[in-house]
Amino acid sequence: MDGTPRLAHGFRFQWEPAQDCHVLLYPEGMIKLNRSAGEILARCDGSHDIAAIVAELEQAFATSGLRPEVEAFVAMAVDKRWLRLEAPTP
């Protein structure tokens, strides 16, 4: 998977103290995110491509091999229309 993910129109990502987690807000409601989803979505700002997101997460958590999980989450979020995936620039 290539491209640069960013939040889709109508969604807002934020920390929700009352829920003690990151959430994705949209006009009809709210999606509570687990820590992994929050860490990935925090980097889906339109300036990080998939490779950069993976590299940041692997460095932040001193691990490797996260690409399949990040790609699966981004694909699911695109499918649910939480994110849009912008084509890589040549």
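The buried residues of α2 are covered by elements that include β1, α1 and α3, where contact means heavy atoms within 4.5 Å and where helices (H or I, at least four residues) and strands (E, at least two) are DSSP runs numbered from the N terminus. The model is a predicted one, in which local features need pLDDT of at least 70 and side-chain atom pairs count only at pLDDT 80 or more, while totals for chains, interfaces and linings use all residues. Residues are numbered from 1 along each chain as its sequence is written, and side-chain values use heavy atoms, with hydrogens and water left out.

Within α2, the residues I50, I53, V54 and L57 are buried, a word that stands for under 20% relative accessible area, with exposed meaning over 50% and partly exposed lying in between (1.4 Å probe, protein chains only). These residues cover an arc of only 95 degrees around the axis, which puts them on the same side of α2; the arc is that of the directions from the helix axis to the C-beta atoms. Just after α2, A62 takes a positive phi of about 45 degrees.

A similar reading can be made of α3. Its 13 residues should span 18 Å at 1.5 Å a residue, and the end C-alpha atoms are 18 Å apart, which agrees; the expected span is 1.5 Å times one less than the number of residues in the helix. In α3 the buried residues are V70, F73, V74 and A77, and, seen down the axis, they fall within an arc of 95 degrees, so they line one face of the helix. This buried set packs against β1, α1, α2 and β5, whereas P68 and D79, on the other side of α3, are exposed. Just after α3, R81 takes a positive phi of about 70 degrees.

The largest nonpolar core has 17 residues, of which L33, I40, L41, V70, F73 and W82 touch the most other members; such a core is a set of buried Ala, Val, Leu, Ile, Met, Phe, Trp, Tyr and Cys residues joined through side-chain atoms within 4.5 Å. The elements that give two or more residues to this core are α1 (35-41), α2 (50-60) and α3 (67-79). Leaving aside neighbours within four places in sequence, L41 is in contact with L7, F13, L24, L33, F73 and L83.

The whole structure holds one aromatic pair, formed by F11 and Y26, which is tilted, at 5.6 Å centre to centre and 40 degrees between the planes; rings of Phe, Tyr and Trp (its six-membered ring) pair if their centres lie within 6.5 Å, with planes under 30 degrees apart counted as stacked, over 60 as edge-to-face and the rest as tilted. F11 lies in the loop between β1 (4-7) and β2 (12-16) and Y26 in strand β3 (residues 21-26), so the pair ties together parts that are 15 residues apart in sequence. The count of disulfides is zero, a disulfide being a pair of cysteine sulfur atoms within 2.5 Å, and the sulfur of C21 is 17 Å from the closest cysteine sulfur, in C44, too far for a bond.
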